[in-house]
Amino acid sequence: MDRFNPHMLVLARDARGLTQPELAPLIPVAQGTLSKYETGVKEPPPDFAEAAGHALGFPSSFFY
């Protein structure tokens, strides 16, 4: 199975011009949790890519 790519999350967020505090409630996750996902410190749950994709306008596959 493919692994979540945290760099793609940062790329998608930057492409939409959002900060972590702006994006976090749209997913919804805590800003600190989002930071851990973006840095690869913590692996997001399986449904995170779908929620992030919906909030950012990218397919969930973009994050893998």
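This is a predicted model: local features need pLDDT of at least 70, side-chain atom pairs count only at pLDDT 80 or more; totals for chains, interfaces and linings use all residues.
Q: What pattern does the protein chain follow along the sequence?
A: Helices (H or I, at least four residues) and strands (E, at least two) are DSSP runs, numbered from the N terminus. Read along the sequence, that gives α-α-α-α.

Q: Why does the protein chain count as being as compact as a globular protein of its length?
A: The radius of gyration is taken over C-alpha atoms, and the globule rule is 2.2 Å times the number of residues to the power 0.38. For 64 residues the rule gives 11 Å, so the chain passes as that compact because its own radius of gyration is close to this, at 10 Å.

Q: How much of the accessible surface of the protein chain belongs to carbon and sulfur atoms?
A: Accessible areas come from the Shrake-Rupley method with a 1.4 Å probe, and for residues only the protein chains shown count as cover. The accessible surface of the chain comes to about 3900 Å². The part belonging to carbon and sulfur atoms is 56%.

Q: Which residues of helix α4 are exposed on the side away from its buried ones?
A: Helix α4 runs over residues 48-56, and its buried residues are Phe48, Ala49, Ala52, Gly53 and Leu56. They sit on the same side of α4, because they cover an arc of only 130° around the axis, the arc being that of the directions from the helix axis to the C-beta atoms. On the other side, the exposed residues are Glu50 and His54.

Q: Which residues does Ala52 contact, leaving aside its neighbours within four places in sequence?
A: Ala52 is in helix α4, and it counts as buried because its relative accessibility is 0%. Contact means heavy atoms within 4.5 Å. With the neighbours set aside, Ala52 is in contact with Leu9, Ile27 and Phe63.

Q: Which helices are included in what covers the buried residues of α1?
A: The buried residues of α1 are Pro6, Leu9, Ala12 and Arg13. Their arc is 120° seen down the axis, so they line one face of the helix. On the other side of α1, His7 and Ala15 are exposed. The cover over the buried residues includes α2, α3 and α4.

Q: Which residues does Met8 touch, not counting those up to four places away in sequence?
A: Met8 lies in helix α1 and is partly exposed, with a relative accessible area of 21%. Although Met8 and Glu38 are 30 residues apart in sequence, they are 8.5 Å apart in space, C-alpha to C-alpha. The residues that Met8 touches are Phe62 and Phe63.

Q: How far apart in space are Tyr37 and Leu9, C-alpha to C-alpha?
A: Tyr37 is in helix α3 and counts as buried because its relative accessibility is 6%. Beyond its neighbours within four places in sequence, Tyr37 has contacts including Phe4, Leu9, Val29 and Phe48. Tyr37 and Leu9 are 28 residues apart in sequence, while their distance in space is 8.3 Å.

Q: Which residue just after α3 takes a positive phi?
A: The buried residues of α3 are Leu34, Tyr37 and Glu38. They fall within an arc of 100°, so they line one face of the helix. Just after α3 comes a residue with a positive phi of about 80°, and that is Gly40.

Q: What is the omega of the peptide bond from Ile27 to Pro28?
A: Pro28 has its place in the loop between α2 and α3. The bond from Ile27 to Pro28 is cis, and its omega is near -15°.

Definitions and conventions:
Residues are numbered from 1 along each chain as its sequence is written. Side-chain values use heavy atoms; hydrogens and water are left out. Buried means under 20% relative accessible area, exposed over 50%, partly exposed in between (1.4 Å probe, protein chains only).
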